[in-house]
Amino acid sequence: MKRHITAITLLALASLFIAPLSCKKAGEVAPLTLFSFLGDVKLKTDAGTRTPTVGDTLAAGNTLITGDMAMADILLEDRGIIRVHQNSTVLIDSLGDKGADDTRFNMTDGKMYVTLSKLSKGGLVIKTPTAVASVRGTVFRVSAVEGVSRLDVVSGRVAINPVSESRVISEVEEVVEAEETVSVDRDTAGKALHAVEKKEKVTLEVKSLEKEAVEDITSELRNVRPEMMERLEPKARKEIKEKLFEKTGDARNEGKDRERDHAEREKAERDARRIEELRKEKLITEQAAMLEKARLEKERAEAERKAKIEKERKEKEARERASNIPTL
């Protein structure tokens, strides 16, 4: 069973791996910067595989690998934050040129949490073995585990296309809205490709996102280092904070509602159990009274029977005595 790490634990430990970002020219913002990491994290480049350094600028062609109980936080220019969760392998396919193009990731397996401000130019694309998600500004999570890709959207809208045999099936696209989720496995992607080839219509099944998932995603992203949030440009920082804290507040309110509902259900169940106990007690009392009445009736009937037998015996004896008296 895989071990799990909480956002609070990560926040407490990640401080050991935080250092000032590498110096850049005034006003210059790197497309992707490794802001912090925790645990067994590797960076694979053309020069080989090594442990990264906090503040590293990530380039197209680099692959970030996180081991068990590890994670890495990445700044997307000054407009977004990406958390690469444990046991993830993420290839940086391409970098948007000053926001003009999409920044593209290829995650073969693992999980990524993303919060991104609305962009005027360019976007973010995350490809997995069975799906590709394209966004402009939102809060969401993408996971790829054992051939199943899942997209969970907290805020904004994310377009998703299935992927089969490394082909992005652009003819099949769903737009996943806030608090919605969709999963795509190999079989679903294969059927989508087959349907497209036969010119048949096919759609992906979008469902409501569980409140627990909303809380998990917002909690992960709210617990990034405050210094990281400050690296965002003011408008992006304000927008992202509103998204995260508003949704977290909603989730907390939902949590309070669930607690209240749970307490009310427990009270109703206790009351129902008590009523049932009283009903059983009444039934037992009534049954006992009926049994007592039947016992008394039986005793009375037995007494009457015996009395009748005794009366008949005496009458018989009296007749016999009378018949034995000699006549004159």
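1. Arg-50 counts as partly exposed, at 37% relative accessibility; here buried means under 20% relative accessible area, exposed over 50%, and partly exposed in between (1.4 Å probe, protein chains only). Its side chain meets that of Asp-56 in a salt bridge, with 3.2 Å from N to O. Asp-56 is buried, with a relative accessible area of 15%. A salt bridge is taken as a side-chain nitrogen of Lys or Arg within 4 Å of a carboxyl oxygen of Asp or Glu.

2. A word on the ground rules before you go further. This is a predicted model, in which local features need pLDDT of at least 70 and side-chain atom pairs count only at pLDDT 80 or more, while totals for chains, interfaces and linings use all residues. Residues are numbered from 1 along each chain as its sequence is written, and side-chain values use heavy atoms, with hydrogens and water left out.

3. On confidence, the chain averages a pLDDT (the predictor's confidence in each residue, from 0 to 100) of 82, and 82% of the residues score at least 70. Confidence is highest in strand S4 (residues 63–66), at 97, and lowest in helix H1 (residues 7–14), at a mean of 41. Helices (H or I, at least four residues) and strands (E, at least two) are DSSP runs, numbered from the N terminus.

4. Two stretches deserve a caution. Over residues 1–26 pLDDT stays under 50, and the model has 48 contacts beyond four places in sequence for them; contact means heavy atoms within 4.5 Å. Residues 248–252 also stay under 50, with seven such contacts.

5. Back to the charged pairs: the salt-bridge count comes to 28. One of them links Asp-216 with Arg-141, whose closest N and O atoms are 2.5 Å apart. Asp-216 lies in helix H3 and Arg-141 in strand S11 (residues 138–145), so this pair ties together parts that are 75 residues apart in sequence. Asp-216 is partly exposed, with a relative accessible area of 30%, whereas Arg-141 counts as buried at 9%.

6. Which salt bridge joins Arg-274 to another side chain? Arg-274 meets Glu-277, at 3.4 Å from N to O. The two are three residues apart in helix H5 (residues 234–323), which means they are separated by about one helical turn. An α-helix has 3.6 residues a turn, so residues three or four places apart point the same way. Arg-274 is partly exposed at 42% relative accessibility, and Glu-277 is partly exposed with a relative accessible area of 42%. Elsewhere, salt bridges that share partners join Arg-141, Arg-150, Asp-152, Glu-210 and Asp-216 into one network.

7. Helix H3 (residues 211–222) is worth a look in your viewer. Its twelve residues reach 16 Å from first C-alpha to last, close to the 16 Å expected at 1.5 Å a residue (the expected span being 1.5 Å times one less than the number of residues). Buried residues in H3 include Ala-213, Val-214, Ile-217 and Leu-221.

8. Finally, the strands around S10 (residues 131–135), where four of the five residues are buried. Strands pair if DSSP finds at least two bridges between them. S9 (residues 124–127) runs antiparallel to S10, joined by four bridges, and the two form a hairpin with three residues between them. Lys-127 has Val-132 in S10 as its bridge partner. S10 also runs antiparallel to strand S13 (residues 158–164), through five bridges, with Ala-133 opposite Ile-160 in S13.
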